[in-house]
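Please open the model in your viewer and keep the selection tool at hand. The tour below goes from stop to stop, saying what to select and what is there.

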Amino acid sequence: MKQNPNTVSFTLNGELKTFATEPNEKLLALLRREGYKGTKYGCGQGTCGACTVLMDDRAVYACLLYAMQAEGRDIRTIESIGTFDKPSELQQELIQGGAVQCGFCIPGMIMSAEALMKAETTFDDDIVREYMDGNLCRCTGYEKIWAALRKVLDRQESAGVQGSGASSHPES
Amino acid sequence: MKLCEFIRPASLPAARDNLRELGAKGMILAGGTALHFMQDHTPVTAVDITRLGLSFIKHEGAFYNIGATTPLADIQRYRAPRWAMHEICRRISTHQIRNISTLGGNICRVFPWADLPVVLLAMDARMVIYSGKETEFPADEYFKTQPAKRFLGGDILTSVKVPALQAHHGFGSIKVVRTEASFAMVTIAARLELDGANIKSARVAAGSAIPFPRRLPSVEAALVGREAATAVFQEAAGKAGADAPWRGREGMSPDYSRHLAEVSILDALERAATFARGRAE
């Protein structure tokens with residue numbers, strides 16, 4: 001069964017979309033070409049995590065996925081998380097904690113945290129490290145990012161909001 | 001690797017037909033992460049096998065049967081009594097890579113630093129390959145040379161059968177890295193079968209600091225029939241120098257690599273023995 005070599009269709013931030021593409025195009029290139037520039041091009045080789053998006057609720061590197069691999073999948077980018085006017089709970093904590101310096105790594109960090117909050121029911125340090133181990137920051141030394149994330153996760157645990165990722169969507 | 005076409009076959013036979021027809025121009029795509037790093041820019045057609053029902057973990061009697069396109073993250077998260085595969089999968093690369101990278105992708109084309117071949121050699125796993133019918137290959141045969149050669153004719157790895165560890169069996173793996181997500185400096189895996197206080201059988205394998213993953217027969221021979229004790233483990237680990245051409249890299253001398261391997265073998269054996277005596281699940 002040959003795939004149409006010119007298009008790929010997937011759900012992007014809740015909307016079913018079809019894009020022109022080529023077999024060799026990376027998902028990251030497609031997203032940025034289509035205006036989803038919150039997903040950053042960092043290393044381009046699956047190391048830094050700046051291009052992290054969710055595919056079927058799992059964190060993946062968009063630079064190591066061919067766009068065709070997203071066919072029929074559910075893709076979510078940082079644009080689905082919050083806005084300048086209505087930042088998500090984690091985005092607010094990152095700002096208030098002074099955790100954003102150059103900011104290039106932050107979209108990827110938030111998407112990995114999103115995957116964590118969607119999948120897990122408890123947030124001990126080991127599991128948090130596991131979900132965040134594929135995101136590098138070269139400005140902050142991680143401490144403030146960690147502290148901001150820890151605050152959100154601790155509140156979620158206290159409130160019994162588990163495995164829903166609800167805190168990332170201020171509207172919901 | 002440059003993809004010029006993308007095929008999504010509807011069945012395993014169709015995928016094999018596609019690959020046979022394409023010959024050298026065809027490339028199996030599962031997770032696909034390795035394709036991004038291949039320096040050969042010859043245009044190829046990707047044959048996507050991720051939607052053929054090959055992603056599963058099933059407990060089938062004496063084996064755990066793991067589908068070839070099962071992501072490493074699924075193997076890491078799977079839990080069952082005396083399941084041992086999760087520990088090494090947690091140590092492979094990053095969370096994002098483990099969500100995409102597959103079991104098959106790690107063992108169909110073996111790189112010197114690959115961890116899973118080491119574990120599967122120690123576990124005495126069996127690889128199931130589809131060539132019109134399914135045939136099983138023991139790890140010793142499968143990893144004797146570069147497995148990629150087996151798949152040039154369009155055959156497809158469908159699953160890996162990992163023996164379920166019995167009550168008197170134990171398994172331990174050690175991966176030494178500079179940073180959490182980096183490739184291994186050395187990987188060691190050991191499986192012990194105990195008979196009371198003594199070792200009835202042993203399989204020990206190594207990778208990363210040698211050209212290709214392999215078992216360590218001198219180490220194994222120094223264990224069988226002897227007490228499962230630290231002094232015996234140390235003596236056996238000291239035989240590693242005779243079993244493989246340990247090589248230096250990234251600032252390590254060959255002697256340092258060998259020493260690192262010996263220390264890691266000791267740790268892996270201690271872990272395997274603890275497991276065999278009754279690991280806390």
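A salt bridge here is a side-chain nitrogen of Lys or Arg within 4 Å of a carboxyl oxygen of Asp or Glu. Side chains of opposite charge can pair when their charged atoms come close.

This is a predicted model, in which local features need pLDDT of at least 70 and side-chain atom pairs count only at pLDDT 80 or more, whereas totals for chains, interfaces and linings use all residues. Residues are numbered from 1 along each chain as its sequence is written, chains are lettered from A and ligands numbered from 1 in the order in which they are written, and side-chain values use heavy atoms, with hydrogens and water left out.

**The interface**

Select chain A and chain B together: 34 residues of chain B are in contact with 31 residues of chain A, contact meaning heavy atoms within 4.5 Å. The area buried between the two chains is about 2700 Å², and carbon and sulfur atoms give 50% of it; buried area is the accessible area (1.4 Å probe) that two parts lose on being put together, summed over both. On the side of chain B, the residues that lose the most area to chain A are B:Arg8, B:His36 and B:Gln96, together 25% of what that side buries.

How many salt bridges does the rule find across the interface of chain B and chain A? There are six, while a search of the whole structure, over all chains, finds 32.

**Salt bridges to select**

Select A:Arg58 and B:Asp74, whose side chains meet in a salt bridge at 2.4 Å, N to O. A:Arg58 lies in strand β4 of chain A and B:Asp74 in helix α2 of chain B, so the pair joins two chains; helices (H or I, at least four residues) and strands (E, at least two) are DSSP runs, numbered from the N terminus. A:Arg58 counts as partly exposed because its relative accessibility is 31%, where buried means under 20% relative accessible area, exposed over 50% and partly exposed in between (1.4 Å probe, protein chains only).

Next, select B:Arg98 and A:Asp133, which form a salt bridge at 3.4 Å, N to O. Salt bridges that share partners join A:Glu120, A:Glu130, A:Asp133, B:Arg77, B:Arg90 and B:Arg98 into one network.

Within chain A, select A:Asp57 and A:Lys118, a salt bridge whose closest N and O atoms are 3.9 Å apart. This pair links distant parts of the chain, 61 residues apart, with A:Asp57 in the loop between β3 (52-55) and β4 (58-61) and A:Lys118 in helix α3 (residues 106-119).

Within chain B, the side chains of B:Asp48 and B:Arg51 meet in a salt bridge at 4.0 Å, N to O. B:Asp48 is buried, at 2% relative accessibility, whereas B:Arg51 is partly exposed, at 32%.

**Two loops**

Select A:Lys26, in the loop between β2 (15-20) and α1 (27-33) of chain A. Not counting residues up to four places away in sequence, A:Lys26 touches A:Ala62, A:Cys63, A:Leu65, A:Tyr66, A:Ala67 and B:His36.

Finally, go to the loop between β9 (169-176) and β10 (186-195) of chain B, where B:Phe183 lies. Is B:Phe183 buried or exposed? At 54% relative accessibility, B:Phe183 counts as exposed.
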